[in-house]
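Please look over the chain below before reading on. Keep the sequence and the 3D view side by side.

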Amino acid sequence: MERRHHVFSVDLFERYATKGRGAITCMATGNDVIVLRTNKGWVIRHDFGVGDSYDIDLSVGRPGQQSIHKVFVDPGGSHCIATVIGSNGADTYYTHAKWTKPRILSKLKGLVVNAVAWNRQNITEASTREIIKLLFELKELPEAFTGFQMETASAHNGTRFYVMAVTPTRLYSFTGIGSLDAIFTSYVDCTVHFMELPGEIPNSELHFFIQQRRAVHFAWLSGAGIYHGDLTFGAQHCSPNGDENFVENKALLDYSKFSEGGEGVKPTSLAISELLLIGNKVKVVNRISEQIVEELYFDQTSDAVSRGIIGLCSDALTGLFYTYDQNSIFQVSVNDEGRDMWKMYLDLKEYAAALASCRDALQRDQVYLVQAEAAFVAKEFLRAASFYAKMNYVSSFEEISLKFISIGEQSSPGLEGCCCFCLLM
């Protein structure tokens, strides 16, 4: 990709975003709302849609030093959950965009919340619907869950739920039709299937890429590499267990492919679009070719450079991407990232996908030309002629005719009809 054709660009979005409340340690976003946690026990909410912000001190009334473990915000930007860990254990708080004070979730007392999956189809500004209800306990789990995502799809006999959950080394899938209660009840007396990828990583993540309000891709930052694929919810051939009928085009991206010198340095964070964004130097990796297509650069302050970029996150509703260091928020803008995908598929000889990604007749001609020449070299002359006949601009009728005449195929059955078709086009 030529440097003048950058797909991604980075702009400073908010400098000193914590307003003196400490250094940024975590960020979440949804619907133009950004929620930050700091190392001094504060949660700061910026609503850039309406130009409003406020902060909440979750260390008030708690003895000793407090640390906000993680913060979560729903895709609509109304609901926020934050877990605080201190000398007297863990407490989890819920707050709404219109509240001035948080509410402690007593049912989660002492539990550390690592991941939250939001039901995007049912959640409203006023209610999150399902929350704090024990549905299932995986007792043999050797390590904590670090990522949850869920999706729903309409089926002929109800709503199908699909839940994907990951630990640093395992990916679990839960699916069924009905309610969440019924689905997880069905797993009580049966073996829960999982896929295991051994390897150590302290910051395992799971992300869905949302397009037109539907998850279409997933990516798991695991110890072994980035496991990713396409999601096909609502398929009629779904089985009750496992992800094999939901996930297509699965692949494992080895870290050595985008590390300098091939040393396999594991990323600190991940975001997924049509491409993959990988920190802490934010590198853009094409999911199909598994090649680095861009590396992004940031205007950091001197006091933030030492820690570098901490994490990446995406706004599922607006399609925007953000990254952050300990002081500032940066927006990652995407400019027509799919424009060169036809070339990528063409290089991989995935011709149907290349044609589907073409933007104009000239691009399609180039795909037909490659197929025609491959067939011609293989002496599949009828097939070659059929591809040549589909072209409009790349090659002229005379050029194609001379190509066949030069090898004595001017009388090849079907060729004359194909060339006439080309003239009619």
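The model is predicted.

**The chain as a whole**
- The chain has eight helices and 24 strands.
- Of its 425 residues, 49% are buried.
- The accessible surface is about 20600 Å². Carbon and sulfur atoms hold 51% of that surface.
- Take the contacts with a separation of 6 or more: 51% of them join residues 24 or more positions apart.

**Confidence**
- The mean pLDDT of the chain is 81. A value of 70 or more is reached by 84% of the residues.
- Residues 237-244 have a pLDDT below 50. Even so, the model gives this stretch 19 contacts beyond near neighbours in sequence.
- Residues 410-425 also stay under 50. Here the model has 22 contacts beyond four places in sequence.

**Nonpolar cores**
- The largest nonpolar core has 17 residues. Met164, Phe208, Phe218, Leu231 and Phe233 have the most contacts inside this core.
- A second, separate core has 15 residues. Val33, Ile68, Val71 and Tyr93 are among them.
- Which residues does Phe208 touch, not counting those up to four places away in sequence? Among them are Met164, Phe218, Leu231 and Phe233. Others on the list include Gln149, Glu151, His217 and Ile272.

- Gln366 sits in helix 5, which covers residues 361-377.
- Is Gln366 buried, partly exposed or exposed? Its relative accessible area is 32%, so Gln366 is partly exposed.
- Leaving aside neighbours within four places in sequence, Gln366 contacts Trp342, Leu346 and Val394.
- Gln366 and Met391 are 25 residues apart in sequence. In space, their C-alpha atoms are 8.2 Å apart.

**Val394 and a surface patch**
- Val394 lies in the loop between helix 6 (381-389) and helix 7 (397-405).
- Val394 counts as partly exposed because its relative accessibility is 30%.
- Leu362, Tyr393 and Val394 make a nonpolar surface patch of about 290 Å².

Technical notes:
Residues are numbered from 1 along each chain as its sequence is written. This is a predicted model: local features need pLDDT of at least 70, side-chain atom pairs count only at pLDDT 80 or more; totals for chains, interfaces and linings use all residues. Side-chain values use heavy atoms; hydrogens and water are left out. Helices (H or I, at least four residues) and strands (E, at least two) are DSSP runs, numbered from the N terminus. Buried means under 20% relative accessible area, exposed over 50%, partly exposed in between (1.4 Å probe, protein chains only). Contact means heavy atoms within 4.5 Å. A nonpolar core is a set of buried Ala, Val, Leu, Ile, Met, Phe, Trp, Tyr and Cys residues joined through side-chain atoms within 4.5 Å. pLDDT is the predictor's confidence in each residue, from 0 to 100. Patches are made of residues with over 30% relative accessible area and no salt bridge: like charges are joined within 9 Å, nonpolar side chains (Val, Leu, Ile, Met, Phe, Trp, Tyr) within 5 Å. Accessible areas come from the Shrake-Rupley method with a 1.4 Å probe; for residues, only the protein chains shown count as cover. A salt bridge is a side-chain nitrogen of Lys or Arg within 4 Å of a carboxyl oxygen of Asp or Glu.
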